[in-house]
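User: Please take a close look at one residue and its surroundings in this predicted model, and then at the charged pairs. I would like one connected explanation that I can follow step by step.

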Amino acid sequence: AQPAAIPRNDPIAALLAPNGRVVAVQRALTDFGYGPVKPSGIYDTETRGAIERFEKARRRPVTGQVSDQLVRDLAALTGRPLE
C-alpha cells in the first residue's frame, strides 16, 4: 500500500506531511547525541528541543528552526550533505 498523495490545493496537509530535509536533520541530531529524535519527517517539540541544544552547543543563535545554517552546520559535522 502506498501513502495517500497530498492534494495540491491543501496547504495544511502539505505542512503536516513528512519532510525529507527534516528527516535528515533528525537523524543527524540523534547520531551526534542531540536526540533521541524519531526520524519522522515531522517538525515536533522533540525536534525543536534537539535543534536548540545543538545551536547552544555550537554557540549559534537559538531558534529551534530547521534553517539553512542548521543544515550547513550538521552537514559539516557529518561530512556529508543532508539534503
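Analyst: Of the 83 residues in the protein chain, 30% are buried. The model is a predicted one. The chain exposes about 5700 Å², and carbon and sulfur atoms supply 54% of that area. Its secondary structure consists of four helices and zero strands, which gives the pattern α-α-α-α when read along the sequence. Among the contacts with a separation of 6 or more, 27% are between residues 24 or more positions apart.

Threonine 47 sits in helix α3, which covers residues 45–57. Is this residue buried or exposed? Threonine 47 has a relative accessible area of 0%. Because the cut-off for buried is under 20%, threonine 47 counts as buried.

Which residues does threonine 47 touch, if those up to four places away in sequence are not counted? They are Gln26, Val37 and Ile42. With one of these, glutamine 26, there is also a polar contact: the two side chains meet at 2.8 Å. The side chain of threonine 47 makes another polar contact, of 2.7 Å, with the side chain of aspartate 44. Proline 36 gives a further reference point along the chain. Proline 36 and threonine 47 are 11 residues apart in sequence, and their C-alpha atoms are separated by 8.8 Å.

Now to the charged pairs. Side chains of opposite charge can pair when their charged atoms come close. The count of salt bridges in this model is three.

One of them belongs to helix α3, the helix that also holds threonine 47. Here arginine 48 pairs with glutamate 52, with 3.1 Å between the closest N and O atoms. Arginine 48 and glutamate 52 are four residues apart in helix α3, so about one helical turn separates them. Arginine 48 is partly exposed at 33% relative accessibility, and glutamate 52 is partly exposed as well, at 24%.

Another salt bridge joins the side chains of arginine 21 and aspartate 68, at 2.6 Å from N to O. Arginine 21 counts as partly exposed, with a relative accessibility of 23%. Aspartate 68 is also partly exposed, with a relative accessible area of 47%.

The remaining salt bridge is between the side chains of arginine 60 and aspartate 73, 2.8 Å from N to O. Arginine 60 lies in the loop between α3 and α4, and aspartate 73 lies in helix α4, so the pair ties together parts that are 13 residues apart in sequence. Are the two partners buried or partly exposed? Arginine 60 is partly exposed, at 36% relative accessibility. Aspartate 73 has a relative accessible area of 7%, and is therefore buried.

Conventions:
Residues are numbered from 1 along each chain as its sequence is written. This is a predicted model: local features need pLDDT of at least 70, side-chain atom pairs count only at pLDDT 80 or more; totals for chains, interfaces and linings use all residues. Side-chain values use heavy atoms; hydrogens and water are left out. Helices (H or I, at least four residues) and strands (E, at least two) are DSSP runs, numbered from the N terminus. Buried means under 20% relative accessible area, exposed over 50%, partly exposed in between (1.4 Å probe, protein chains only). Contact means heavy atoms within 4.5 Å. A polar contact is a pair of N or O atoms within 3.5 Å; within protein, one must be able to donate a hydrogen and the other to accept it, and residues adjacent in sequence count only if both atoms are side-chain atoms. A salt bridge is a side-chain nitrogen of Lys or Arg within 4 Å of a carboxyl oxygen of Asp or Glu. Accessible areas come from the Shrake-Rupley method with a 1.4 Å probe; for residues, only the protein chains shown count as cover.
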